[in-house]
Amino acid sequence: MSEDQLTRTASTTYPPADPSNTTEPMLSVENVSKSYGGDVQALDGVSLEANDEVLGLVGANGAGKSTLYRSILDLTTHDSGTIRIAGYDVRKHSVEARRLIGYLPEELHLYDRLSGWELLALVAGLRDLDNSEERREWLDYFGLDNRRDVLVGEYSLGMRKKIGLIAALMGRPRLALLDEPLNGLDTDSMRRLRLRIEEMSRAGTTFVVSSHVMSFVERISDRIAVLRKGRLVAYGTTESVRQQAGMPNSPFEDVFLQLALD
Amino acid sequence: MRPTQLILTFRCRAFGRWIRAHGFELFFLGPMIVGGALWVLSRHLDSLRAPIRQLVESHQPLGLPISPVLAFSLLLFVLQVPATFRELYDPRYGASVLDALPVPTAARFHVSMATEGMAIVPTFLVLLTVMGVLEGRFLPSLSRLPDVCWGLFSALGSLALFRIVMALSVVRWRRAVRSISAHAGIGVRVVTTLLGALALLALGLSAHYPLASFIFLPWLPAAAQIEAIVRSGFALTTMPHSPWTEPITQACYLLGLYLLARILFIRWHRSNLETARLLSHRRRVVGLPLNLRWLTTRLGARPLVAQIVRDLTLIARRFSPAVPLAAGVALTAQGAVVSLLFDDNLPLLWRQRLAVAGLSLSVLAMVALVPFLLKHQLPRFWIEKTTGVELEQIWKAKLWTATVLGSIPSILGSMILLAAPDLDPTAKGVAILQLIAATGIVTSILGLAVFEIAAQPVLGLIFGSLVALALAALIVFYPVAWWLWLALYGYVASQIAGRASRRVQLVEVAE
């Protein structure tokens, strides 16, 4: 299927997100720090914002990306600072905040003894969605419609990732946190994911996407945040990040290596 | 260093780390619970010692109903395979990495054998302690210790080797069904079963190793049948016996089983690997006839219903070998109750009481699955945590699951009580009411406490079961003060329920 056709499919089947509560930024991270056992500083005074955009989050292994995601979801308790989702402080209103979020963890622990369809039904049920039609559309979009009744334990890495992506993105979350969404995806699925992210972003969903594929991050992101050892070392549009690295005309991969590595 | 030594060194290191990580439970909490339970039960143990010894020394099979015991032995036979299968062939577990390395097949076998051996160590220690307790001391007397240790070691070691042979044969047999040479697999399976039963006959009915008899209890009826055939075939009135017969028989059996397992493993390993890979791919999905939308309209909250449907689906698909085991224990308890109700030697009141107690045990066996279900779900708990489900709905879902699980044996039990021949209608009514009360207590206490014991389900289960069964027993055996027990239950349940949401919040999501 061509990119135009995919774009048309996405725009015809994907309604715009609920635009209520637009006064607060969708994601606001203010001076957040987190250490493990006092000696490993996972996050060190990180501040950033994302609203109606795609924010690319990049950094080397162990830079603090996953910890930031877990802090945003209040799965781990940050030591200091404030994180707000559409105005909700995640420490005080974690349930309300989580209802606005779709999350794809880097390491996907799924129920191997549920089928893909059952797993999506579970997530939809937990998010109080009655969306069997939408689920069918998503499975069809990622080419899993004929594998929906197969146990997840039988899925390949790419298929598991697709199920995780559908679980995160169905129901039009206001904020989508995608930690390494490309791992295991084939080229066609990567393109489909990119188009869906762009479409949903236009419809009002805010994305935070981390990946080690710099070309993908550069292409989809409105702004990019670069983490190094838990510190935010660059933040802004791709041009702005290039400027901050002092490499205005270099490929983004070189810029990343300059900023993210010692 | 040789490959076997190298691998075992690393395994021992990992095992040592596990011991260190669980030191508190293993060396403090566990002994405290066991010691406390033994102290509470010491009076009854005193009265049990003599009859047990008499029973074992008389070489008579225990007077248990044969059908449920046979069903349970069949279940145990089936249950022994998956764990060993996982160790031998599952690509997701440790030892399978050795298949891709230049490790001799014999070394791979010894590693598997060592792992199976390690698995019997806790049972060995527990049985050793219990044997000592039955003698009225902490360990068996020093003069008997070598005999007892050898007896237990040979019994448990043969069980471990027997498991390996069975797992090898099952995989081989499944392959053989699709090929021409079906007979080898089936033949080996039959022979190993017979060998196992004969060995159990030699080991299990020994007067010197009474506790070994108990672990093989389910096998005894089958073994007794074989013994009868052997006796009639050789016109024997008693089996030949001398002080050296048993140790020599045991050693020969162990050696024979080791050689058999080793030969089969080396010979079949490559082809079995491929078969196991195919077998581990389950393509057929068995759905539960649960309509989410229909249930939602009746139970209210969709997140709650979604979790209950998920839990029941996982149980129906045997998320763990604990599922058939729990079902087997529940069925055995119910079968025992049926035979008890027909036992004219017992007074009617005691028949009624023991029937309710047995049926409560079957309820407990099923509800005990819930903590293991939660343990299985913990790595996937991010799904609940990140989708904005109310904490109350998370623990309520487990309570509902426990209720559904407990209701199944409870309903079956009520039907058994209704069909009881000698009980009058009033006694039946009282017994059913007592069973319903016991079911309610067991399901609610364990269902509510499940998040209290998420990290250590076994220990938690012991605590929870003791509390729940104690309350149920008070209602069954001292029904006069029912209002007092009800108040006590209400207090305990409200205390646990008050903490439930907080406990859910504290459950960590795995990285």
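View 1. Contact means heavy atoms within 4.5 Å. Axes are lines fitted to C-alpha atoms, for helices over the stretch in contact, and angles run from 0 to 180 degrees between N-to-C directions. Helices (H or I, at least four residues) and strands (E, at least two) are DSSP runs, numbered from the N terminus. Helix α7 (residues 187-202) of chain A lies across β3, β7 and β8 of chain A. Its angle to β8(A) is about 150°.

**View 2. The six-stranded open sheet of chain A.** The strand order is β6-β7-β8-β3-β9-β10 (chain A), with mixed pairing. Strands β6 (101-104) and β10 (231-236) of chain A are the edges, each pairing on one side only. From one strand to the next, the twist averages 15°. Two strands pair if DSSP finds at least two bridges between them. Strands β3 (residues 54-59) and β9 (residues 223-228) of chain A run parallel, joined by five bridges. A:Leu55 has A:Arg223 in β9(A) as its bridge partner.

**View 3. The four-stranded open sheet of chain A.** Here the order is β2-β1-β4-β5 (chain A), and the pairing is antiparallel. Edge strands β2 (40-50) and β5 (88-89) of chain A each have a single partner strand, so one side of each lacks a neighbour in the sheet. Two bridges join β4 (residues 80-85) of chain A to β5(A). A:Arg84 has A:Asp89 as its bridge partner in β5(A). Helix α2 (residues 65-72) of chain A lies across β1 (27-36), β2 and β4 of chain A, at about 65° to β2(A).

**View 4. Where chain B meets chain A.** The contact takes 35 residues from chain B and 34 residues from chain A. The buried area is about 3,400 Å², with 55% from carbon and sulfur atoms. This is the accessible area (1.4 Å probe) that two parts lose on being put together, summed over both. The two chains share four salt bridges. Each is a side-chain nitrogen of Lys or Arg within 4 Å of a carboxyl oxygen of Asp or Glu. B:Arg302 forms a salt bridge with A:Asp128, the closest N and O atoms being 2.9 Å apart.

**Notes.** Residues are numbered from 1 along each chain as its sequence is written, and chains are lettered from A in the order in which they are written. In this predicted model local features need pLDDT of at least 70, side-chain atom pairs count only at pLDDT 80 or more, and totals for chains, interfaces and linings use all residues, while side-chain values use heavy atoms, without hydrogens and water.
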